[in-house]
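Let's take a walk through this one together, going from the overall make-up of one chain to a few details in another. Have the sequence and the 3D view open as you read.

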Amino acid sequence: MTTMNWKLPSGVSATMRLAIIVFWLAAPTTIAAQEQASEETDEPTVAEKLSAIEGELDQHKTQIKAQQNQLEAQQRQLEGQQQQIDELTEFQEEEALAAVEDNALEDSRLLKLFGFFELQFMKTLVERDSFYHTSVPSNSSFVLSQINLYLASQMTQTLGALVELRFTFWPAGFESEHPFIAHLGNTELSGNEYVRINTEYYDYSENIINKTGGVMIERAQLIYTPLDWFNVIAGYYLTPYGIWNTDHGSPVIIPVLPPYLQRKRMIPLAQTGLQVYGRFYPRYDLFFDYAITVSNGRGPAQEVLDFDENKGVGLRLRLSYEGDRVAIAAGGYGYLGEYSDTHKHVEMWLNSDGSLDSSRRMRFVVDEWENYFEYATAADLLIELFGVRIQSEFIWHYVDYRIPAERSDPDKILSGAPATMPLFQASYLGLGYYVLLAWTLPVKELTGGMRITPYFMLEHTKMDDTLPSYNNDFYCGGVNFKPSPYVTIKTEFVYTVPESELWGGPLKLLNAQLVVSF
Amino acid sequence: MNRCERRRKCKLFSLVMGTLLVTVLPASFSAEELNDIVIIANKSFEADSIDAEELRAIFLKKKGTFMGRKVTPINAKSGSGIRIEFQKKFLRMSPTDEKHYWEKRKVKDGVTAPPEFSRSQRAVFKLESAIGYCARSKYHEGPTKVLKVKF
């Protein structure tokens, strides 16, 4: 019997060795029988068979290796294809993004729409028959007085346009005339009719009664900005004086109610004409601004017509330092203008039979109705220190009448003159100033960026030194709260002390305002 | 050198290294952060550098020219890391502060914030008057030029 003393050739893997051993252990009897049979039949020995198996295993191994190589090649091919797909996708995404951004680059020069609206709540704390109610609501009221819409466009690098429109429900509800009853001894004098503007109309298309509002043009201007120190505005622009008028909108202005010097328009709030302005930089945080204004000046229809040849001119100078936590600015504006109001009539000559005398020229005669020159100077100061804001404005205004107008009935009465006599306006001097102190509390970190600004303002105005009944002192305190950059909520208490006793004591007013920017 | 001396020196060395780690590392980290933003300009600009205050004035639209030419600032997308970094380092504002600033400018002057692009370098490349910024890691050499910022 052949002994099993043999060794597997080197290079045979462990798996194959295991297979051979299992094969050997599992079939000893078969082998013995086969050996016996092979001895008898001269068949291949076990060693030869094993050798054959090993050969077959080698062949399988080679095949497996080839298949593995093939698989690896396919894997590499797949990876390559995936990479191509990824690159293509990324490229397509980049191109799409680039296209969007290219459009955005173009769109950035096109029309932009934004603006704000405000809802106000007013409550007067005076007697129901107080004379103040000629200018403030008799009852507590919610007032949605303005929706300002800005249309801005930058057509070229140097040419832009800005239009600001104010949509309002006014003048619906405005009481334009109050009748009066004057007691003269036992006699009652009365005049005027009660007139409240009604803007209702019947809309046949819907079979409903609707109410119209109004649209005001706040500004409409072409802006040419070739250089920092030389720019031009043409159109209807805000007069570049003071702080309140240039801050302009309720989202920016801290209190609710503007000061009297602003409300009484001691300087025209806006003008139609040209403005040249610019900025110089002694340092990049120090600015010297100037503006020169030429306009129709003030007039009965100053936005569209000038009733004299004298244009209103003004000069604005301002120096400002704008640091991180400290900002200081001081400015001034001087204004000189002529106010003219004219009436016109046609004059003609007739023949004896009443027909037009063609030998003589018809005339269109301009009658000077009212005329004055006005001189105004405004000064402003703004100091911002670590959240504390001190803001102040002063206006001096002199009106020199050449052709005085007749005073209005309320003015006549308040001046103390006999009500039955005509009274003409005298040249007058007016002045006013206010100081606003506000502190944005350092709680931004605690409130997640919300801003809380308590404020206090005082004002003294002498609108017309020939009419002291309009002189008053004005005190106001409140809180301005900005929960986000787009929403402002203000509440304030206003206390106005008139110089004249005719008003029946001080005016007390509660104001709240919600302003939303969009 | 005996064992005691060696121990003392070891302690001293540890103390010095610890101090260095506490003081020098944050400083070098800040310097690294500062280098993360690259100020870029269209190649049509001749300048190679810009004053940091001038850059701030341009991006807040307080100044409209650079080297005597009209300039268009290009912002990174609002809320992106690079924008926040730029706001902090160059505008010295928080994102909310900047929003407040632009709301104010819109109402006052009708002026809106600079346009925003996720890939500001491409916008700066395409727009002749543009100046912008991007992360150093995203900066591609060639299409635009880098402006050195002078503090």
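A contact here means heavy atoms within 4.5 Å. Keep in mind that this is a predicted model. With that in hand, start with chain A: of its contacts with a separation of 6 or more, 59% are between residues 24 or more positions apart. As for secondary structure, chain A has six helices and 22 strands. Chain A runs to 518 residues, and 35% of them are buried. Its accessible surface comes to about 30,000 Å², with carbon and sulfur atoms accounting for 60% of that.

Now hop over to chain B and look at a pair of helices. Helix α2 of chain B covers residues 52-59 and helix α3 of chain B covers residues 81-91; their axes are 10 Å apart and the angle between them is about 125 degrees. Angles from 65 to 115 degrees count as roughly perpendicular and those over 145 as roughly antiparallel, so α2(B) and α3(B) end up oblique to each other. Which residues meet there? From α2(B) come B:L55, B:R56 and B:F59, and from α3(B) come B:F86, B:F90 and B:L91. Sort the residues of this contact by type and you get five nonpolar, one charged and no polar.

Further along chain B, find helix α5, residues 120-126, which holds B:R122. Is B:R122 buried, exposed or partly exposed? Its relative accessibility is 27%, so B:R122 counts as partly exposed. For one last stop, pick out B:H140: B:R122 and B:H140 are 18 residues apart in sequence, and their C-alpha atoms are 9.7 Å apart in space.

Terms used:
Residues numbered from 1 in each chain as written. Chains lettered and ligands numbered in written order. Predicted model: local features only at pLDDT ≥ 70, side-chain atom pairs only at ≥ 80, totals over all residues. Heavy atoms only, no water. Helix = DSSP H or I, 4+ residues; strand = E, 2+ residues; numbered from the N terminus. Buried < 20%, exposed > 50% of the residue type's maximum accessible area, 1.4 Å probe, protein only. Areas by Shrake-Rupley, 256 points an atom, 1.4 Å probe, with all protein chains shown as cover. Axes fitted to C-alpha atoms, helices over the stretch in contact; angles between N-to-C directions. Parallel < 35°, antiparallel > 145°, perpendicular 65-115°, else oblique. Nonpolar A, V, L, I, M, F, W, Y, C, P; charged D, E, K, R; others polar.
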